[in-house]
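Please keep the sequence and the three-dimensional view at hand while reading.

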Amino acid sequence: MRKRSIVTKLFAITALLLLIFFSMQFIFQYFWLEKFYIYNKNKEIIQNVSMLKEKLEKDLLNDKEINKLLMILSEENNASSGIVNIYGIPKYGLNGGSNVSHIKIKDSKDDEYLVYIEKFLRYPDFQKLLQNKKNINITGRVISGKEKEIYPATISIDDKTFGLQSSDTEAIVISERKDNDNETKRNVEENEQSSDYKKTYVLIPAVVEIDGIIENIQLMEQKDYVMEYKKNQLMKEVSLFLQENKDIKALFSNSELVHYVKVDPITGIKNIIFVQPVFLNNEEPTFMFTLTSLQSITEAIDIMKLYFFIIFLIVLAAAVIASYFYSKLITKPLLQINKVTKQMARLDFSNQCNMKKEDEIGELAKNINSLSVKLKEAKEKLETANQKLLEDIEVKEKVEQFRKEFIANVSHELKTPLTVAKGICEGIRDGIYDSNNAEYISQILNEINGMNGLVYNLLQSSKIQIEVQPLKNEIFQLSDVILKVHNRFKTFAKDKKIQVMMELTDEFVMADEDKIETVIGNLYSNSIKYSSTGEKIRIKMETKQEQCMCTIENSGVKIPKEELLNIWEPFYRIEKSRNKELGGSGLGLYIVKQILDKHKSKYGIQNTEWGVKVYFSLTKIDTDFKK
């Protein structure tokens with residue numbers, strides 16, 4: 001079964017919880033926000049209408065106060081409110097409106113009329129011709145009140161006539177007589193017995209034609225269109241409500257507020273209509289109508305649904321990202337502890353839990369760090385002891401191997417000179433040789449010197465091999481060492497008539513000067529020893545890639561290719577007879593190899609067209625650094 005990390009688990013749980021929370025919020029906003037808004041809107045308007053009803057029935061208010069209260073109700077609820085009598089005739093809040101586009105005209109008798117021209121503004125030329133002090137002819141219906149109001153069907157200006165279609169003209173329903181309070185109360189009682197009660201008192205104004213002069217022009221502002229729309233819709237709902245609810249007595253006996261939603265078939269806008277029966281001043285039966293439009297909330301809901309969907313996607317992405325980083329943040333110390341403990345299980349104590357928490361996780365990290373330090377110390381002590389033991393074993397093995405090789409090679413090398421010395425001594429003892437003959441004494445001394453040189457080389461090789469003498473890193477001029485060696489061997493070169501050519505530089509190197517002198521001495525002496533009389537030796541220094549290269553090349557000799565690979569081995573000689581005159585002990589180049597290996601030098605020996613060339617490199621030191 002695949003193991004799931006704590007990061008994955010915590011991420012999944014956190015992301016799921018966030019998604020559930022935001023999904024519930026999104027679903028509520030997407031599906032129930034509009035209903036929630038309508039519910040609260042209804043509740044608020046019902047409360048305000050009920051409070052206003054109570055005030056209208058109990059307090060004796062004049063017309064100005066009633067209109068003011070209706071205006072406050074409309075403004076606070078973004079609605080249109082008005083009071084009509086039982087016939088649907090406006091009493092307060094619905095008569096005309098100073099904000100509606102209108103003109104004032106005066107006829108030849110100096111009678112003034114208020115003419116509503118809103119529906120004529122759709123004609124582009126109409127507004128251009130509309131100017132003060134111009135003659136105008138109007139045909140329409142006149143309603144008499146505080147001001148004479150005209151709802152025109154046609155308007156003529158400058159011999160140009162503008163008319164409305166039949167669908168644009170609406171009947172204006174008014175009362176032909178003024179009802180006093182007693183008459184209104186009696187009419188309600190009569191309504192119980194006659195269903196045709198309303199028709200008896202309703203008249204449609206007659207069409208008149210008026211000539212006059214335009215005195216004033218007032219066009220409707222953009223903000224007033226909404227209120228005018230609501231007022232017109234309310235007037236339609238007044239007429240429809242009274243036509244559909246003919247049982248007036250039942251409405252007033254219950255005195256309950258009625259509210260319903262109506263959709264305008266032309267615009268498709270939802271409107272909520274509130275109807276509250278009111279006995280005005282506790283006597284006159286009237287209806288208080290309030291209409292509020294849901295257009296704004298519907299548009300807002302449509303936009304918000306798209307907005308909520310986009311926000312949901314953003315929140316979804318943000319929740320996933322936040323959950324991921326939250327999970328990483330919470331689990332980061334645990335993962336770090338897990339990583340450190342895994343390394344500790346592999347005996348790797350290089351890392352520690354780096355955290356500054358003061359909680360239980362922080363305390364656990366401190367304990368693990370303390371355990372790591374102690375285990376590391378114990379491991380280092382054990383490794384040190386093991387390393388020392390390995391080094392001791394390796395040294396013993398080297399010493400043992402060297403001892404065996406030493407005994408074997410020394411026995412072999414010393415056998416011949418001892419035999420020669422013994423034979424001469426026995427010959428002198430037995431009288432075969434003359435004891436006063438210096439030649440025999442010199443021969444014995446030569447054998448003794450050869451054995452002495454062999455022992456010296458063996459001791460020197462032994463010291464280098466087992467690192468009894470560590471390297472001394474010094475800065476010196478390599479040319480000085482070459483010249484020093486040359487001065488020591490130039491007599492031997494002169495005896496063999498060997499010409500030595502030098503190409504030296506003033507480069508400084510870092511190495512063990514004494515051991516490098518040994519290297520150059522062995523290579524120089526070999527060049528002289530293995531060169532024939534009258535040959536040449538060339539010693540050259542050059543710089544290659546921050547390395548100082550030294551070459552010693554002698555002419556007139558060659559080394560067989562098969563011998564080049566073995567020439568650096570101890571006690572190896574090209575001359576197999578082991579004649580001291582033709583070859584040494586076989587340790588010279590082996591000592592050179594050991595010294596150059598410890599200096600990590602690049603060295604080698606090869607045949608050239610001229611002869612044999614030996615080379616080695618040392619680390620070059622810049623003159624500026626030296627200073």
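This is a predicted model: local features need pLDDT of at least 70, side-chain atom pairs count only at pLDDT 80 or more; totals for chains, interfaces and linings use all residues.

Which residue is the bridge partner of valine 84 in β13? The partner is phenylalanine 287.

- Five strands make up an open sheet, arranged in the order β2-β1-β13-β12-β11 with antiparallel pairing.
- At the edges stand β2 (90-92) and β11 (258-263), each of which pairs on one side only.
- From one strand to the next, the twist averages 35 degrees.
- Helix α3 (residues 63-76) lies across β1, β2, β12 (270-280) and β13, and its direction is at about 145 degrees to β1.

**Strand β13 and its neighbours**

- Strand β13 (residues 284-293) pairs with strand β1 (residues 79-85) in the antiparallel sense, over seven bridges.
- Opposite threonine 292 of β13 stands alanine 79.
- Strands β12 and β13 also run antiparallel, and ten bridges join them.
- Methionine 288 in β13 has glutamine 276 opposite it.
- The hairpin of β12 and β13 has three residues between the strands, and asparagine 281 there takes a positive phi near 55 degrees.
- Ten of the ten residues of β13 are buried, so this strand is largely enclosed by the rest of the structure.
- Glu284, Thr286, Met288, Thr290 and Thr292 point one way from β13, while Pro285, Phe287, Phe289, Leu291 and Ser293 point the other way; all are buried.

**Helix α12**

- Helix α12 (residues 513-529) has 17 residues, which at 1.5 Å a residue should span 24 Å; the C-alpha atoms at its ends are 24 Å apart, in agreement with that expectation.
- Because 13 of its 17 residues are buried, α12 is largely enclosed by the rest of the structure.

**Salt bridges within a helix**

- Side chains of opposite charge can pair when their charged atoms come close.
- The whole structure contains 17 salt bridges, according to the search.
- One of the salt bridges joins lysine 58 to glutamate 54, with the closest N and O atoms 3.2 Å apart.
- Both lysine 58 and glutamate 54 belong to helix α2 (residues 33-58), where they are four residues apart, about one turn of the helix.
- Lysine 58 counts as exposed because its relative accessibility is 63%, whereas glutamate 54, at 43%, counts as partly exposed.
- Glutamate 383 and lysine 379 also meet through their side chains in a salt bridge (2.6 Å, N to O).
- Glutamate 383 is partly exposed, with a relative accessible area of 41%, and lysine 379 is partly exposed at 27% relative accessibility.
- An α-helix has 3.6 residues a turn, so residues three or four places apart point the same way.

**Salt bridges elsewhere**

- Glutamate 215 and lysine 133 form a salt bridge whose closest N and O atoms are 3.3 Å apart.
- Glutamate 215 lies in strand β10 (residues 207-218) and lysine 133 in the loop between α4 (124-129) and β5 (135-143), so this pair ties together parts that are 82 residues apart in sequence.
- Glutamate 215 is partly exposed, with a relative accessible area of 29%, while lysine 133 is exposed, with 59%.
- A network of salt bridges links Lys484, Arg488 and Glu517.

Methods:
Residues are numbered from 1 along each chain as its sequence is written. Side-chain values use heavy atoms; hydrogens and water are left out. Two strands pair if DSSP finds at least two bridges between them. Helices (H or I, at least four residues) and strands (E, at least two) are DSSP runs, numbered from the N terminus. Axes are lines fitted to C-alpha atoms, for helices over the stretch in contact, and angles run from 0 to 180 degrees between N-to-C directions. Contact means heavy atoms within 4.5 Å. Buried means under 20% relative accessible area, exposed over 50%, partly exposed in between (1.4 Å probe, protein chains only). The expected span of a helix is 1.5 Å times one less than its number of residues. A salt bridge is a side-chain nitrogen of Lys or Arg within 4 Å of a carboxyl oxygen of Asp or Glu.
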